[in-house]
Amino acid sequence: MHNDIFSGKKIIFGVTGGIAAYKSCFLVRELAKRNAEVRVVMTPSAVEFISPLTFSTLSNYNVVVDTFPATQKDGTNTSTWHIEYAMWADLMIIAPATINTIAKVAHGFADNALTTLASALRSPLLVAPAADVDMYKNKFTQENINRLESNDAYIVKAESGELASGLSGYGRMADVNKIIDAAEIVLSGLKKDLPGKKILITAGPTYEDIDPVRFIGNRSSGKMGYAIAKAAFLRGADVTLISGPTLLTAYPEIKIISVRSAAEMKKSVEKELRNNDILIMAAAVADFRPLTLKSRKIKKEDKLTEIKLTRTDDILASIKKDGKIIVGFALETDNEKSNAVKKLKAKNLDMIVINSVRDKKSAFEYDTNKIIVIHNTGKQKLYPLLSKFQAANKILSEIISA
Ligand code: CTP
């Protein structure tokens, strides 16, 4: 088993009064499922949307709504709960964060249980705003969001889409999975440390068509490349993902270019690399393709006994590097390090990541991966079994620190 960063982490989950509060149930449930200890604090308006009982059931802990809980009113319990919570937490998440709460936290107000707690916080703060389109766009809201961000809060920006009012535009709370990924970034001690970096990533297999219904493919799921794309985006990069056929989805802000064959992938990489600073080739590009593509379906009566193959172009070996940072992957079953070093040199790479298929839970289709990173300087590092998202963050950190 790899170490789940959420396991044992102490998280304060703040809920404010917006319709997106119903999605917070899924967030709290996911955090609890991943063995985080979650304590929920709600604003009085949040209670208009959803019952504290829902959150106390999901988090298996009392929910705080009143700044002065009943136990304190008769003087029998003088505990300063907000200080105790603030000192206890590894992370506070406010999701959804209304523009009202954002404004109050950004200016140090402490007029309800949630804002009082936020004012005493020692841990990192993650904020996922949600509002209707004009409220989100509002100049003061944007100033307040920027104020929080420049004071080290991690902001998971609202997404564009249909809103409760029937209007459409930016304001919808970010997808639950994206907020969880962002929380993982913050808990890992990471932040938006790739601001403005333009990163091109390839992912997935390529399919080399034999006839209109058949192809030669491979077992790559695309999970590693998608994890790198997501991690890079959450760390502030501008991400383009060239993806072979997969069923995976990325975030809406990631530009996805879908390709099928090695030739299509090569064309896209060549075109997109001009606008990017870094290329990470995580795709499992086919080395061979059928020599000819049959225009009609091959039938049994054709008595096919062989398919003649020819080499595809090696994308990494052939692209113009022009001073960009180029990272390759190597999937090896034997002599992994010496083979990878050979590829690093032959393809003139800055760094190569070995996917060690020796570990049962590594590489194809799994959510975990065991990687070895080798730089062109000779520096190497072997990582333990990690989730692909964790591995993605290690790879990005290795690139930045090189
Ligand atoms: N790669 C590429 N173009 C290809 C094949 C591979 O750009 N036609 C890239 C992959 O995306 C990966 C790296 O080259 O980043 C190494 O891929 P791998 O398949 O491990 O190595 P190959 O060079 O194809 O060698 P072999 O399959 O013989 O091990």
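**View 1. Strand 16 gives the ligand shell its largest share, four residues.** In this predicted model, strand 16 covers 325–332, and helix 13 (315–318) also supplies at least two shell residues. Helices (H or I, at least four residues) and strands (E, at least two) are DSSP runs counted from the N terminus. Altogether 16 residues surround the ligand, and the closest are M281, A283, F329, K343 and K347; to be near, a residue needs a heavy atom within 4 Å. By class, the shell has nine nonpolar, two polar and five charged residues. Here Ala, Val, Leu, Ile, Met, Phe, Trp, Tyr, Cys and Pro count as nonpolar, Asp, Glu, Lys and Arg as charged, and the others, Gly among them, as polar.

**View 2. Oxygen atoms of the ligand pair up with A283, L316 and D287.** A backbone N or O atom of A283 is 2.8 Å from a ligand oxygen, while a polar backbone atom of L316 lies 2.9 Å from one. With D287 it's the side chain that takes part, through an N or O atom 3.0 Å from a ligand oxygen. The protein buries 77% of the 570 Å² that the ligand exposes when taken alone (Shrake-Rupley areas, 1.4 Å probe).

**View 3. The largest pocket is where the ligand sits.** A pocket is an open set of points on a 1 Å grid over the protein atoms alone, where a 1.4 Å probe fits, with protein on both sides within 12 Å along at least five of seven lines; lining residues have an atom within 4 Å of a point. This one holds about 760 Å³ of space (the volume filled by probe spheres set on the points). Its lining runs to 35 residues, with A283, A284, V285, F329 and L331 nearest the centre. The lining splits into 17 nonpolar, nine polar and nine charged residues.

**View 4. The second largest pocket has about 640 Å³ of space.** Of its 20 lining residues, R34, D181, K230, D367 and F389 lie nearest the centre. Helix 1 (21–33), helix 10 (176–187), helix 11 and helix 15 (388–401) each supply at least two. This lining has 10 charged, five polar and five nonpolar residues.

**Notes.** Residues are numbered from 1 along each chain as its sequence is written, and side-chain values use heavy atoms, without hydrogens or water. As the model is predicted, local features need pLDDT of at least 70 and side-chain atom pairs pLDDT 80 or more, while totals for chains, interfaces and linings use all residues.

Methods: A polar contact is a pair of N or O atoms within 3.5 Å; within protein, one must be able to donate a hydrogen and the other to accept it, and residues adjacent in sequence count only if both atoms are side-chain atoms. A molecule sits in a cavity or pocket if more than half of its atoms lie within 2 Å of its grid points.
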